[in-house]
Amino acid sequence: MALPYKIATLLYCFNAADEPLLLLRKQEPNRDLWSPCGGKLHMADGESPYACACREAAEELGVKLQPQDLHLTGIVSEHGYEGHAHWLMFLFEVKPKLTALPPPHREGEFAFFPPTEIASLKIPRTDAEMIWPLFWKHRGGFFSAHCRCLPDGKNEWSIEEGEDIPAIVPHPDISDEVPAPPIIDLQSDHYFMGEALRQAARAYEAAETPIGAVIVREGRIIARAFNQVELLKDATAHAEMLAITQAEETTGDWRLTGCTLYVTKEPCAMCAGGIVHSRIPRVVYGAGDPKGGGAGGAVNLLQFPTFNHKCDITRGVREPECRTLLQTFFAEQRKTARGITPTIRP
């Protein structure tokens, strides 16, 4: 089936401290992810990329720009992004520094971030893999890159043109050199727990206990799931159990050797049993559960002395985020039970 081709501009804006401005998007694509502001060209009107960038700056930032205020840093094409469309994106750096944080917009809310914090944010996968690293490398120059988004979740990248600028880019508190741009480690526990948190957020929106899980083999996510007990009317439909079933279907084997399971909350006794029986060698979780956890909180079934399989356990990865999501959810549930209209989660 032919996919539509969409053209967009992205605006890379900075404040006086050289911190990039990012938008927490409320709309698809990239809903609930941080990315530069911008939008689609008015193709029916024959709008140019520069005109689109100036229009988006006025609409989203309240800033009036002229084409000479923009530097075209990169062009990125994405083939089959999320299986919905092909994208052609023009990446513009806005030369004038922003003097204030733009107010919230219908597209989302804005924030400035130090460059070194971008790696810890929830950002689009293609941004994490290549777009941000390429932007930092070629900032002030130019690059062109193409990404082929494959159905299995992998991306194949090709750099079609790259021109570095030899001058040092100014950076706060650094007078003589610029550190290497922040590279996001796509094999790290931090990154994969972020993917589990994205699943947990889906559970939250579905009014399910916000727990998410992913299973990784050889650096690739082979299963994603979130709690669906109420949706499926199934007491066993925990994120871990659903992810295990997905992974078994993907691999064609009930033995999930060589896999790591990431889950936002310590597995319960039921899920710990499923993990042991499916031979998963490593489990990484965020928030502990001292009352009902099956990985050391209440009982440690993942390393039970008489069992014929034991798991390595890594605890507390992105624990504050995992715990806050759970606490916020249950606080809202208590308000609802008392007849109080809950607030909307930001």
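Me: What is a salt bridge, in terms of atoms and cut-offs?

Reply: A salt bridge is a side-chain nitrogen of Lys or Arg within 4 Å of a carboxyl oxygen of Asp or Glu. Side chains of opposite charge can pair when their charged atoms come close. The structure above is a predicted model, in which local features need pLDDT of at least 70 and side-chain atom pairs count only at pLDDT 80 or more, while totals for chains, interfaces and linings use all residues. Residues are numbered from 1 along each chain as its sequence is written, and side-chain values use heavy atoms, with hydrogens and water left out.

Me: Which residue forms a salt bridge with Glu195?

Reply: The partner of Glu195 is Arg224, and their closest N and O atoms are 2.7 Å apart. Glu195 belongs to helix α3 (residues 189–205) and Arg224 to strand β11 (residues 220–226), so the pair ties together parts that are 29 residues apart in sequence. Helices (H or I, at least four residues) and strands (E, at least two) are DSSP runs, numbered from the N terminus.

Me: Is Glu195 buried or exposed?

Reply: Buried means under 20% relative accessible area, exposed over 50%, and partly exposed in between, with a 1.4 Å probe and protein chains only. Glu195 has 7% relative accessibility and counts as buried, whereas Arg224, with 34%, is partly exposed.

Me: How many salt bridges does the rule give?

Reply: The count comes to 14 salt bridges. One of them joins Lys97 and Asp18, with the closest N and O atoms 3.0 Å apart. Lys97 lies in the loop between β6 (85–94) and β7 (108–112), and Asp18 in the loop between β1 (5–12) and β2 (21–25), so this pair ties together parts that are 79 residues apart in sequence. Asp18 is buried at 6% relative accessibility, while Lys97 is partly exposed at 40%.

Me: Where do Arg323 and Glu319 lie?

Reply: Both residues are in helix α7 (residues 319–337), four residues apart, and are thus separated by about one helical turn. Arg323 is partly exposed, with a relative accessible area of 30%. Salt bridges that share partners also join Asp18, Glu93, Lys97 and Arg139 into one network.

Me: Which residues form a nonpolar patch on the surface?

Reply: Patches consist of residues with over 30% relative accessible area and no salt bridge; like charges are joined within 9 Å, and nonpolar side chains (Val, Leu, Ile, Met, Phe, Trp, Tyr) within 5 Å. Here the patch is formed by Val299, Phe304 and Phe307, with about 210 Å² of accessible area together. Such areas come from the Shrake-Rupley method with a 1.4 Å probe; for residues, only the protein chains shown count as cover.
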